[in-house]
Each structure stands twice: as structure tokens, then as C-alpha cells.
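Hi everyone, thanks for making time.

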Amino acid sequence: MADDKQYNLLLIEDEYDLCEIYKIQLTTHNIITDFALAGQEGLKKIQEKKYDVVLLDLMLPDMNGLEILKKIKSNDATKDIPVIINSNLSDQATVDEGLKLGAVSYIVKSSMTPDTLAAEVRKILDNN
């Protein structure tokens, strides 16, 4: 059964409490979660460990998430890792740019509960 498969996810999100909530929900979907509270930390972690997916916020203290996405997609070692953008920025231009830069999905934080988000991430992983 596909549900038995375990995945490794890197969450790049600057709100610590949200990281903890997402981590709990993702664990219930057999997704092991590490998190980085800033972009540079996330880029460092993605070099150190193999992740099946990155869940990326756009509003971070040290750099814009779209810049992080560009760096992930331009690096041969990380370019094939699916990136899901998870942001409250919902204007169409930002969504379009994120998808154009290579994100596999764009989730608006305020439109999903943490459990719904975890189920959506699992669905994307199982279909990738």
C-alpha cells in the first residue's frame, strides 16, 4: 500500500509555531519533517540531506522564497526535488511566477488547514 511509504520533507517556514503544527500533521501522513526558519538555512539543509519534497514559504526573513526556488532549480544536485510553495501571497502574478520557476504546486496557507495541507502534500508525493 502506497500509504506505507515514508517521505522526507524540508519545510522552509519562518513561523516556528506553524512549523511545529505542520510537522505533527505531516507525521500522521508518514512524512518525516525537518524545518528551516530562514532561506539560507534551508538551502544548507537541502545540500546535507536527501529530501523527497520541499514545502516553501515565500516571505522569509533573509530572502524571498522565489529566490530560494531559483537556487534549488538551478543546482544539478537539487533541481529534481519537487517544491511546493505554501504562502499567504495569493496574487496571480506571484502564483504564476512560482509555477513558472518550477514549483509543482502553489498552496495558499489561509485556504487550507494543516491537516488538509498534509493530505495534499502526501497526494503530490504519491503521484510524483
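Predicted model: local features only at pLDDT ≥ 70, side-chain atom pairs only at ≥ 80, totals over all residues.

Okay, let's start with strand S1, which covers residues 7-12, and find Leu11 in it. Is Leu11 buried or exposed? The cut-off for buried is under 20% relative accessible area, and Leu11 has 1%, so it is buried. Who does Leu11 touch, if we skip the neighbours within four places in sequence? Its contacts are Cys19, Tyr22, Thr33, Asp34, Phe35, Ala36 and Leu55. As for Lys73, that residue is 62 residues away from Leu11 along the chain, and their C-alpha atoms are 16 Å apart.

Now zoom out to the whole of S1. Five of its six residues are buried, so the rest of the structure largely encloses this strand. S1 also has a parallel pairing with S2, held over six bridges. If you want one to look for, take Leu9: its bridge partner in S2 is Thr33.

On to the sheet. Which order do the strands come in? Reading across, you get S2-S1-S3-S4-S5, five strands in an open sheet with parallel pairing. The edges belong to S2, residues 31-36, and S5; each has a single partner strand, so one side of each has no neighbour in the sheet. Ignoring direction, neighbouring strands here are turned by 20° against each other on average.

S5 runs parallel to S4, residues 83-87, and four bridges join the two. One example is Ile84, whose bridge partner in S5 is Ser105. Here's a general idea to carry with you: in a regular strand, side chains alternate between the two faces of the sheet. Now look at S5 itself. Ser105 and Ile107 point one way, Tyr106 and Val108 point the other way, and all of them are buried.

So what about Ser105 in particular? Ser105 sits in strand S5, and its relative accessibility is 13%, which means it counts as buried. Beyond the neighbours within four places in sequence, Ser105 is in contact with Val83, Ile84, Ile85, Leu99 and Ile124.

If you follow the chain on from S5, you get to the loop between S5, residues 105-108, and H5, and that's where Lys109 is found. Would you guess buried or exposed for Lys109? With a relative accessibility of 9%, Lys109 counts as buried.

Next, the helices. In general, two packed helices are described by the angle between their axes and the distance between the axes. Take H1, residues 16-27, against H5, residues 114-127: they pack at about 50°, with the axes 9 Å apart. That angle makes H1 oblique to H5. The crossing of H1 past H5 is right-handed. Which residues make the contact? From H1 we have Ile21, Tyr22, Gln25 and Leu26, and from H5 we have Pro114, Asp115, Leu117, Ala118 and Val121. Sorted by class, this contact has seven nonpolar residues, one polar and one charged.

The other pair I'd like you to see is H2, residues 39-48, with H3, residues 65-74. These two pack at an angle of about 20°, and their axes are 10 Å apart. Angles under 35 degrees count as roughly parallel, and H2 and H3 are therefore roughly parallel to each other. Their crossing is right-handed. On the H2 side the contact uses Gly39, Leu43 and Ile46, and on the H3 side Ile68, Lys71 and Ile72. By class, that's four nonpolar, one polar and one charged.

Last stop: Asn30, in the loop between H1 and S2. What is its phi? The value is near 65°, which is positive, and this is a residue other than glycine. Asn30 has a relative accessibility of 24%, so it counts as partly exposed.

Notes. Residues numbered from 1 in each chain as written. Heavy atoms only, no water. Axes fitted to C-alpha atoms, helices over the stretch in contact; angles between N-to-C directions. Parallel < 35°, antiparallel > 145°, perpendicular 65-115°, else oblique. Left-handed = near helix turned anticlockwise from the far one by under 90°. Contact = heavy atoms within 4.5 Å. Nonpolar A, V, L, I, M, F, W, Y, C, P; charged D, E, K, R; others polar. Buried < 20%, exposed > 50% of the residue type's maximum accessible area, 1.4 Å probe, protein only. Pairing = 2+ DSSP bridges.
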